[in-house]
Amino acid sequence: VDCVCVKSGDLDPALLESAYRTLIYNQPMFRTDVRAGEDGCVYFTPATDFSDVFEFLDQSGETDKEKGYAGCWEMAEKLVNTPFQMGKGKPLHKCYLVKRPDCYVIIFWFNHGIGDGVTGNRLIHETLTQYDRLVAGMEAELD
């Protein structure tokens, strides 16, 4: 799980979802699932169900004492301990946009089979770059 806290006045969830879906289009590893073969080996296979790759959670009314990242810590811990649904056609990742009282937190949840710590930095950079393009009225940049 990688997170970024954005201290922006307002983020458009629909545009961020479009930016994230552009990342999926541009990065083949984000269009994969895995399945167990009859021989017991694990095989990468194309993902077919991208309906649940982005979720917006509005926690702006939360009155807990934790701000920013800390307010999402429990949710992030739950995500890291939730197994992926492998072999169901779903890709091995998901992006959450969480609106907190003091900021937005973007959480990228992905299986280590498709990326490592450096991948998280690339996810953040590419998603926010595409988001900036969309906010500016430009087309998303497809590879």
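1. Helices (H or I, at least four residues) and strands (E, at least two) are DSSP runs, numbered from the N terminus.

2. The model is predicted, so local features need pLDDT of at least 70 and side-chain atom pairs count only at pLDDT 80 or more, while totals for chains, interfaces and linings use all residues. Residues are numbered from 1 along each chain as its sequence is written, and side-chain values use heavy atoms, with hydrogens and water left out.

3. The chain contains three helices and six strands, and from the N terminus on its elements follow the order β-α-β-β-β-α-β-β-α. Its radius of gyration, taken over C-alpha atoms, is 16 Å, close to the 15 Å that the globule rule (2.2 Å times the number of residues to the power 0.38) gives for 143 residues, so the chain is as compact as a globular protein of that length. Of the 143 residues, 40% count as buried, where buried means under 20% relative accessible area, exposed over 50%, and partly exposed in between (1.4 Å probe, protein chains only).

4. An open sheet of four strands has the order β1-β6-β5-β4, with mixed pairing; two strands pair if DSSP finds at least two bridges between them. Its edge strands are β1 (2-6) and β4, each of which pairs on one side only, and the twist from one strand to the next averages 15°. Axes are lines fitted to C-alpha atoms, for helices over the stretch in contact, and angles run from 0 to 180 degrees between N-to-C directions.

5. On one hand, β5 runs parallel to β4 (residues 54-58), joined to it by five bridges, and Asp-58 stands opposite Lys-99 in β5. On the other, β5 pairs with β6 (residues 104-110) in the antiparallel sense over seven bridges; Leu-97 stands opposite Ile-106 in β6, and β5 and β6 form a hairpin with four residues between them.

6. Helix α1 (residues 13-26) lies across β4, β5 and β6, running at about 160° to β5. Its buried residues are Leu-16, Ala-19, Tyr-20, Thr-22, Leu-23, Ile-24 and Asn-26, and what covers them includes β4, β5, β6 and α3, with contact meaning heavy atoms within 4.5 Å. At its N-terminal end α1 is capped by Asp-12, a side-chain oxygen of which lies 2.9 Å from the backbone nitrogen of Ala-14.

7. To return to α3 (residues 117-135), this helix lies across β1 and β6, running at about 130° to β6. The buried residues of α3, among them Leu-123, Ile-124, Tyr-131 and Leu-134, pack against β1, α1 and β6. At the start of α3, a side-chain oxygen of Asp-116 reaches to within 3.1 Å of the backbone nitrogen of Val-118, and just after the helix Gly-137 takes a positive phi of about 85°.

Notes
Polar contact = N/O pair within 3.5 Å; in protein donor to acceptor, adjacent residues only side chain to side chain.
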